[in-house]
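Biologist: I'm new to reading structures. Could you walk me through a few features, one at a time?

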Amino acid sequence: MPAGRQTVERRQLGLMLRRFRDRAGKTQQQAAQAIGRNTARISQVETAKGSFSPEELNALLGFYEVNATERQTVLDLGVQARKRQRGHIYTDQLPLAFERLADLQADAKSIGFYEAGVVPGLAQSADYVRAVIESGDGVWWESSEDEVGKRVAFRLEQQRRVLEAGDPKDVSFVLAEAAVDQPVGSISVLRGQILHLLQLGERPNVMVQVLPNNVRNNPLLGGGLITLDFGGAAPQIAFVSVIYGSGIYHDQEEDTGPMFRAFERVQDLALDVEQTRNLLIDKLKELGQ
């Protein structure tokens with residue numbers, strides 16, 4: 001892989017290392033001294049423009065006091081980052097893949113979300129978040145209230161990282177009408193979720209649109225897509241979600257170009273902001289609000 005090329009794996013690795021450094025309360029200068037490198041090298045790796053040897057990575061993780069499970073994940077990711085072949089898609093199959101997707105979202109300047117049957121995670125109300133996660137309890141993991149609590153807390157924290165960022169991000173949500181017709185948990189939860197969407201739509205940097213059930217020529221029919229744009233600081237990334245397991249990342253322009261165009265198409269096909277607001281208000285009336 002050419003030196004300095006910013007792949008998904010390198011970006012994930014750099015963002016993880018930056019998160020661990022912040023968690024440990026260390027500066028880039030302290031990290032550099034700990035492994036005998038200069039500060040510029042730490043910055044290069046954290047911004048996905050360089051890499052460490054396995055020995056340097058191990059030493060750095062020790063300095064950050066990273067636990068054994070996280071350490072192994074980072075080391076495995078480091079191996080993948082060094083061997084990635086140009087033109088290949090990337091499927092994140094390492095533990096806690098959702099944390100690395102969250103890092104990418106927090107680093108992006110603008111994000112687009114399209115979902116067909118569920119409200120996108122960053123647009124979910126707290127009650128909707130819990131209902132969605134509880135529906136997977138005992139299915140995708142062994143039944144555990146502790147696990148449910150951790151996942152709920154993580155998603156709410158991720159919403160804060162993205163929607164309350166000091167440097168506001170442009171966030172666009174397009175959801176199929178079926179998502180606001182589908183009860184999740186209870187009708188009460190659905191009503192609260194629709195109210196939450198109306199409130200989100202009032203934010204100046206957030207756009208909420210609904211794609212009507214009867215729309216034709218939807219290029220993303222039946223799928224889910226997240227587009228990540230880093231404002232020119234790194235190549236665009238498109239993430240295709242799946243029901244179970246890890247999603248698929250695309251970072252090659254020949255792939256991301258069509259996927260960003262597909263998202264723009266569903267934005268064009270969807271109701272505009274005012275029409276969406278009116279539809280959501282009508283949905284509330286139908287639910288007895």
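Predicted model: local features only at pLDDT ≥ 70, side-chain atom pairs only at ≥ 80, totals over all residues.

Biologist: Which residues of helix α3 are buried?

Modeller: Helix α3 covers residues 39–46, and its buried ones are R41, I42, V45 and E46. Looking down the axis of α3, you'd find those buried residues within an arc of 130°, so they line one face of the helix.

Biologist: Why do residues three or four places apart point the same way in an α-helix?

Modeller: An α-helix has 3.6 residues a turn, so residues spaced three or four places apart point the same way.

Biologist: And what covers the buried residues of α3?

Modeller: Among the elements covering them are α1 (8–24) and α2 (28–35). While you're there, look just after α3: A48 has a positive phi of about 65°.

Biologist: Next, rings. How many aromatic pairs does the structure hold?

Modeller: There are four aromatic pairs. Take F63 and Y64: their ring centres are 5.9 Å apart and their planes sit at 45°, so this pair is tilted.

Biologist: Is Y64 buried or exposed?

Modeller: Y64 is buried, at 4% relative accessibility.

Biologist: What sits over the ring of F230?

Modeller: That's the charged end of R11, 4.4 Å from the ring's centre. You can look at W141 too: R151 lies over its face, 4.0 Å from the ring centre.

Key. Residues numbered from 1 in each chain as written. Heavy atoms only, no water. Buried < 20%, exposed > 50% of the residue type's maximum accessible area, 1.4 Å probe, protein only. Helix = DSSP H or I, 4+ residues; strand = E, 2+ residues; numbered from the N terminus. Arc of directions from axis to C-beta. Contact = heavy atoms within 4.5 Å. Phe/Tyr/Trp six-rings, centres within 6.5 Å; stacked < 30°, edge-to-face > 60°. Lys NZ or Arg CZ within 6 Å of the ring centre and 35° of its normal.
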